[in-house]
Amino acid sequence: MGMSVTISAATDLDAEQILKLQYLCYQGEAELYGDYSIAPLTQTLAELRAELGAGCVLVARLGDEVVGSVRGAAGPGGTAVISGMIVHPRMQRHGLGGRLLAAVEARLAEEGATRYRLATGHRNEGNLRLYRKWGYAQVATEQVTRKLTLVTLEKESEREPERAAPSGDREDAAGAALATSR
């Protein structure tokens with residue numbers, strides 16, 4: 001009997017597993033650019049725990065093992081920034097990255113996001129392909145080092161913005177929204 005992967009909010013107890021997975025997943029990125037000092041490889045456990053408390057961090061679990069993660073933060077003007085998406089190498093190319101992306105987008109939309117922004121290195125064809133498949137389009141590039149150019153991609157939310165309920169129905173609408181988000 002096989003186990004299915006579940007996606008849920010990360011907790012402080014997940015921090016060590018996320019950090020170890022991040023270290024594993026970003027080795028290829030570091031090799032691609034010849035730079036092993038990139039932030040995901042130098043982040044400390046304390047810094048990661050601070051991120052867990054400050055924004056939306058989701059994990060994908062296979063049983064008790066964290067096999068994927070993604071971070072997001074709602075920003076001004078309805079633009080949310082998605083970052084740190086990682087999937088264990090043995091779980092890649094099975095749709096888990098897309099599931100994580102959809103889950104963080106949905107969570108951020110609940111926080112009012114109407115647009116999503118993310119970035120990846122210009123040589124990371126796998127990430128670029130995934131993001132384009134999910135509707136992201138390139139909006140900018142920034143040369144970070146001689147070897148690394150970041151490609152920024154964005155997409156509009158596919159969800160309709162919630163309309164205010166008539167004044168007498170606000171409590172009922174809020175209760176219905178809470179019930180559907182569980």
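Predicted model: local features only at pLDDT ≥ 70, side-chain atom pairs only at ≥ 80, totals over all residues.
**Entry 1: E51 and R71**

I looked up E51 first: E51 makes a salt bridge with R71, with the closest N and O atoms 2.9 Å apart. My cut-off for a salt bridge is a side-chain nitrogen of Lys or Arg within 4 Å of a carboxyl oxygen of Asp or Glu. The two partners sit 20 residues apart, E51 in helix α4 (residues 45-54) and R71 in strand β3. Helices (H or I, at least four residues) and strands (E, at least two) are DSSP runs, numbered from the N terminus. E51 is partly exposed at 31% relative accessible area, while R71 is buried at 7%. Buried is under 20% relative accessible area, exposed is over 50%, and partly exposed lies in between (1.4 Å probe, protein chains only).

Residues are numbered from 1 along each chain as its sequence is written, and side-chain values use heavy atoms, leaving out hydrogens and water.

**Entry 2: the other salt bridges**

I got a count of eight salt bridges. One of them joins K155 and E105, closest N and O atoms 3.2 Å apart. This pair spans 50 residues, from strand β7 (K155) to helix α5, residues 96-110 (E105). K155 is buried at 8%, and E105 is buried at 8% too.

Next I checked E154 and R117, whose side chains meet at 2.6 Å, N to O. E154 is in β7 and R117 in β5, 37 residues apart. E154 is buried at 14%, but R117 is partly exposed at 31%. R115, R117, E154 and E156 form a network of salt bridges.

**Entry 3: the sheet**

Which order do the strands take? I read an open sheet of seven strands, β1-β2-β3-β4-β5-β7-β6, with mixed pairing. Strands pair if DSSP finds at least two bridges between them. The edges are β1 (5-9) and β6 (137-143), each pairing on one side only. Twist averages 25° from one strand to the next.

Back to R71: its bridge partner in β4 is S83. Strands β3 (residues 65-74) and β4 (residues 79-87) run antiparallel, joined by six bridges. Six bridges also join β6 to β7, again antiparallel, and a hairpin connects these two through five residues. There I found A140 opposite T152 in β7.

**Entry 4: whole chain**

I noted seven helices and seven strands. Of the 182 residues, 38% are buried.

Terms used: Axes fitted to C-alpha atoms, helices over the stretch in contact; angles between N-to-C directions.
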